[in-house]
Structure formats: structure tokens, C-alpha cells
Amino acid sequence: MAQDDLFKKVISHCKEYGFIYQSSEVYDGLSAVYDYGPYGSELKNNLKQYWWKSMVQMHENIVGIDSAIFMHPKIWKASGHVDAFNDPLIDNKDSKKRYRADVLVENFMDKIEVKINKEVAKAKKRFGDAFDEVQFRSTNPRVLANVEKYNTIKDRLADYMSNSKLDELKALIEELGIACEVSGSKNWTEVRQFNLMFSTQLGNIAGEEGKLYLRPETAQGIFVNFLNVQKSTRQKLPFGIAQIGKAFRNEIVARQFIFRMREFEQMEMQFFVRPGEEMKWYEYWKDARLKWHLALGTPEENLRFHDHDNLAHYANAAADIQYNFPFGFKELEGIHSRTDFDLNSHQELSGRKLQYFDPELNENYVPFVVETSIGVDRMFLCAMSNALVEEVVPGTEGKESTRVVLKLHPALAPVKCAVLPLKRNDDNLTGKARAIFNKIKYSFNAQYDDSGSIGKLYRRQDAIGTPYCITVDFETLEDDTVTIRERDSLAQERIHIDKIEEVVRQRIDMKQLFVE
RNA sequence: GCGAGUAUAGUUCAACGGCAGAAUGCCUGACUUCCACUCAGGGGAUACCGGUUCGAACCCGGUUACUCGCUCCA
């Protein structure tokens with residue numbers, strides 16, 4: 001399948017088979033918000049369960065929490081989200097290129113600086129050894145004028161930025177005659193503020209609300225609970241705290257289906273380590289997280305590491321695990337060495353000590369943090385893009401037919417097993433099949449279906465990724481055996497009714513993902 | 001957010017400014033001994049709001065959503 005073709009097919013398959021719907025569709029939808037349907041929520045839950053098991057249950061030194069979405073507003077001050085994600089943006093109407101307004105001004109200031117230095121260099125050449133640079137800088141009228149200009153701009157920019165004077169920022173850009181690099185024109189839109197965080201209010205009396213943010217990441221809920229968790233679970237460093245939860249971000253451009261949504265779900269783990277040991281653990285988690293993806297059967301060639309060049313304000317090393325989505329290699333998961341930035345900030349702003357007493361070193365310190373952070377929805381999209389296949393299979397009377405099949409790992413599949421009567425108009429067969437379904441439904445998610453020919457029923461189950469189909473035929477009525485059909489190989493095996501639960505349970509067991 | 005394009009049954013596509021149709025899927029029944037069989041019947045759509053016109057799915061304006069470009073990230 002061609003790549004962009006695949007993307008369209010994934011989206012329509014998700015809708016058609018009840019995995020994902022556009023939010024508020026009857027009202028024409030809500031931009032960049034999606035709802036998970038019956039099979040989608042099963043798959044999503046299975047992904048979360050796989051992550052939780054592998055992180056929390058498989059590590060004695062990792063525990064899980066579930067912190068609230070609402071948090072004290074100061075948390076976002078401390079984390080840097082209030083300041084770092086409030087970029088003033090401006091568009092050039094001719095080139096359609098978008099810039100950060102403050103960066104435009106800063107670039108202009110850089111040019112002035114270059115001019116000054118050129119002037120100095122020129123004079124140096126002219127005067128030779130006798131040149132006194134300090135004196136020249138403090139007396140040359142052209143240099144002085146430019147320094148004056150530079151400082152004025154710097155002060156004004158600082159004023160406009162810290163006081164959100166967007167109109168004046170635009171006026172400054174026009175006054176300086178800054179032109180777009182691409183179009184060369186000075187045809188600018190208004191400067192607009194980009195707010196990363198959604199705000200809401202606490203308190204139910206109008207006018208008395210306190211401003212509150214919906215969390216833009218789950219990590220801060222872990223940081224502010226660091227000591228609570230450490231003390232109540234008696235953990236010693238290194239140890240980790242994991243959390244799965246919703247986060248909210250206003251995106252400038254939110255697109256590409258569920259890849260970038262305004263409301264999304266994160267699976268994050270913050271691993272607290274002794275300062276100086278963070279790079280060792282950073283490498284450890286990079287490796288561990290890649291293995292997690294490979295265990296699911298995600299092809300190695302579709303996964304790669306991508307090291308960040310521009311580090312976020314809190315990190316000293318950062319890498320992405322990228323997946324080859326239908327629209328190219330994009331970030332699926334991030335592994336960040338977050339230093340002690342977050343705990344330190346919270347310690348400063350709250351005035352509470354957030355330190356660990358290390359009995360080995362006999363000293364207190366603020367731990368360093370290595371974070372693994374993966375988007376559930378991106379993982380969902382990865383699993384779906386990876387699994388959706390169209391293939392030619394032998395059909396009736398030797399004719400070939402195509403089938404659409406979701407080759408999800410059995411442990412992730414929304415429905416584990418379908419029970420299908422070979423003929424639907426025979427009460428003995430349907431009755432027997434229903435009885436089998438009613439027996440196995442307690443063990444795992446199963447389905448009963450008799451509304452079509454056996455071939456059609458198989459195809460339906462293929463389309464939602466059901467790994468096993470139990471077919472009840474006339475032989476079943478005689479000796480209580482059924483055929484169990486495997487989704488990917490189409491192989492059929494005859495087993496006794498009493499063995500169904502055991503056989504299926506063993507093949508869908510998540511345990512097999514943890515065996516090295 | 002800006003620009004360009006798109007919007008008709010669940011899906012894929014038709015319909016001159018003049019009765020909105022097909023295929024497929026779905027539901028019901030019949031038939032069928034292992035990979036979308038066949039037959040009969042049924043339900044189902046012009047994204048939304050307004051304008052032009054005797055008459056609008058079709059022309060015009062606006063809104064919304066989606067796709068593609070420009071930025072950021074899980």
C-alpha cells in the first residue's frame with residue numbers, strides 16, 4: 001500500500017469499524033478532538049495495560065500513581081510552562097510564513113551588532129597597531145548611534161514581552177522596517193499570543209474564580225508527589241513513578257488525525273536517580289523502551305532514535321523514538337534527561353524541601369530525573385498503521401479474493417475470540433455455538449456472530465483484528481470438537497471444546513511480550 | 001491562526017439550474033458443510049445558515065469540518 005494511501009485507509013478503517021470517531025460529529029465535529037469507539041477503547045486499554053504491566057509490575061522499583069488533572073497554578077509557573085509557551089506569533093501575509101515576533105526583533109538586533117563589529121574591524125585595519133578598540137567604541141559617532149539604537153530596541157522588546165504589549169510589538173516591527181526573508185515584504189498580520197495551556201476557573205461564583213490550567217503534561221503530578229510516594233512506599237534511589245493520564249494542549253496547528261490532538265493521553269514515567277548517574281539511566285531507558293516496541297512486532301526498520309538538537313528548557317539530553325508513520329518518521333515517544341530542573345523549581349517556589357536522603361552517601365540532595373513519555377494516541381496510531389493490511393487470499397472455488405485484516409498482536413486485539421456457527425439456519429449449530437460463547441465470555445472478550453456465511457464472518461473478524469475464530473460445525477455436535485482458525489495464517493486446528501479457553505488464553509497472554 | 005482545495009446513503013461514486021440514482025456495506029427472510037455464495041424484501045444522503053431564481057445538490061456569500069502548505073510537540 002502506498003503510504004498516503006495507507007493513512008487514508010487507516011482513518012476510514014478506524015471510523016468504519018468503530019475504533020475512532022470525530023468528536024461531536026453530528027454538530028460537524030470539533031477540530032482536533034476524537035472519540036474512541038467500542039473497539040478503539042478496547043485496543044487503547046490493552047496498550048495502556050501493556051505499558052503499565054511492563055513499567056510498574058515488571059519493576060520492583062517503579063510504582064504508579066494517578067494524579068488529578070487540576071493542579072495548583074503555581075506548578076505551571078515552576079515548570080516553566082507559563083513563561084516558555086507563551087510565544088507571540090506574527091504571519092507575513094505574502095509568504096504565509098509564520099514567525100515568532102520576538103525572534104524577528106532579536107534577529108534585527110543581531111544585524112545591528114554585526115554592523116557595529118564591521119565598523120570596528122574596518123577601523124582596526126585602518127589604524128593598525130595604534131588602534132584602541134575600547135576608545136573607538138566609546139567615541140565613534142556611528143558606533144555610538146548603533147549601540148544606542150540596539151539598547152533602545154532591547155529595552156522596548158523586554159517591556160513589550162513582559163507586559164504582553166502585542167500591539168506595540170507589531171508597531172516596533174513596522175517601525176524597524178523588518179521584512180520577511182521569504183517574500184521580502186513588510187505586510188504583517190497582527191501579533192497574536194499563542195497559549196499552550198487551556199485555562200478554566202476554580203470556584204463557582206462569577207468574578208471570584210481563581211484561574212486554573214488543565215495540565216499540559218502529566219509529569220508535574222509526579223514531581224510534586226515525589227516525596228509522598230518515596231516515603232509511603234519506602235523506595236530508595238534509583239526508583240521511578242509512572243502515570244497514565246490525559247493532558248491538554250492548544251496547538252497552533254492540530255492535525256494528522258489522532259497524531260496531534262488537543263486532548264490526548266500520556267504514559268509517563270519519571271525515574272529518579274543520583275546526580276551524575278543520569279546519563280547511564282538515560283541510555284538504559286532508551287534501550288528498554290525500544291525493546292518494548294519491538295516486542296509488539298513493530299518492524300525495526302520502522303523505528304529509529306532521533307536526538308534533539310534544541311533541548312527544552314528542562315533537559316540536558318533528549319531523544320525521540322520515531323516511528324515511520326504513514327506521513328513519515330515522527331515522534332512516538334520521548335526519553336529525556338530532565339536534570340533536577342523540575343524538583344528544584346518546585347522546591348524554590350513552594351519553599352518545601354524536595355530532597356532525598358541517601359543513606360549510602362549519608363547526604364541530602366535533589367535527585368536527577370530521566371523521563372520516558374509516550375503518547376497513547378500516537379501508540380494507537382502506530383499499532384493501527386502497522387497492523388492494517390490488505391492481502392489476497394484463496395477464496396471460494398479457488399478464486400482469489402482480497403481481505404482487509406488488522407494484524408494486531410493478539411495481546412492487543414480488541415476481541416480475542418469469535419464463536420461462529422458454520423450454518424446460521426440450523427438451530428443445533430447456533431444453539432451449540434451460543435453455549436460455547438456463554439462459557440468462554442468470562443475469560444476474555446469474545447463475540448458471537450451468525451449473521452452471514454462463514455466466509456463473511458471470518459472477514460468481519462479479520463477487519464477488527466480478532467486473532468482466533470471458533471467455528472462450530474456438525475462434527476461439533478457429535479464429538480464436542482471445534483476448529484480454531486488463526487487470523488494471520490488462516491490455519492485451522494481441531495480442538496476439544498474444553499480446551500478453547502486454555503488455548504486462547506495462552507496465545508493472547510500479555511506475558512509472552514515480556515519473555516526476552 | 002493564514003492561504004489553497006474538498007464536502008451527495010455507513011463507504012465509494014453518479015445526477016443539464018427541473019422526479020437525487022448505483023455499487024458495496026447494514027437489517028429481515030430463504031438458501032448454503034470452512035474464507036465477502038445466491039435470491040427476495042427493507043432502511044438510509046445533498047455538512048450548516050442565508051442569497052439569486054418560477055425552480056438550487058448544481059450559481060453566489062458566510063459558517064463548520066476535513067486535506068495540503070507555514071509552526072510546535074506526546
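The following legends describe close-up views of one predicted model.

Residues are numbered from 1 along each chain as its sequence is written, and chains are lettered from A, and ligands numbered from 1, in the order in which they are written. In this predicted model, local features need pLDDT of at least 70 and side-chain atom pairs count only at pLDDT 80 or more, while totals for chains, interfaces and linings use all residues; side-chain values use heavy atoms, with hydrogens and water left out.

**View 1. The domains of chain A.** Domain 1 comprises 43–82 + 212–294 + 301–381, domain 2 comprises 88–193 and domain 3 comprises 415–513. These bounds come from an automatic or database domain assignment. The centres of domain 1 and domain 2, taken over C-alpha atoms, are 39 Å apart.

**View 2. The aromatic pair of Y34 and F257.** Rings of Phe, Tyr and Trp (its six-membered ring) pair if their centres lie within 6.5 Å; planes under 30 degrees apart count as stacked, over 60 as edge-to-face and the rest as tilted. By this rule there are 23 aromatic pairs. One of them joins Y34 and F257 edge-to-face, with 5.1 Å from centre to centre and 75° between the planes. Y34 belongs to strand β2 (residues 34–36) and F257 to the loop between β9 (239–248) and β10 (263–273), so the pair ties together parts that are 223 residues apart in sequence. Helices (H or I, at least four residues) and strands (E, at least two) are DSSP runs, numbered from the N terminus. F257 has a relative accessible area of 8% and is buried; buried means under 20% relative accessible area, exposed over 50%, and partly exposed in between (1.4 Å probe, protein chains only).

**View 3. The aromatic pair of F226 and F272.** The ring centres of F226 and F272 lie 4.6 Å apart with the planes at 40°, so this pair is tilted. Because F226 lies in helix α10 (residues 226–233) and F272 in strand β10, the pair ties together parts that are 46 residues apart in sequence. F226 and F272 are both buried.

**View 4. Strand β10 and its partners.** Ten of the eleven residues of β10 are buried. Two strands pair if DSSP finds at least two bridges between them. β9 and β10 run antiparallel and are joined by ten bridges; F239 stands opposite F272 in β10. Eight bridges join β10 to strand β16 (residues 368–375), again in an antiparallel arrangement, and E268 stands opposite S373 in β16.

**View 5. Lysine side chains.** A charge sits over a ring if NZ of Lys or CZ of Arg is within 6 Å of the ring centre and within 35 degrees of the ring normal. K44 lies over the face of Y36, at 4.2 Å from the ring centre, and the charged end of K286 sits over the ring of F305, 4.9 Å from its centre. K48, in helix α2 (residues 38–57), counts as buried at 17% relative accessibility. Leaving aside residues up to four places away in sequence, K48 touches I244, E265, M267 and V376, where contact means heavy atoms within 4.5 Å.

**View 6. An open sheet of five strands.** The strand order is β20-β19-β21-β22-β23, with mixed pairing. β20 (446–448) and β23 (492–496) are the edge strands, each pairing on one side only. Strand β19 (residues 417–421) runs parallel to β20, and three bridges join them. The bridge partner of C417 in β20 is A446.
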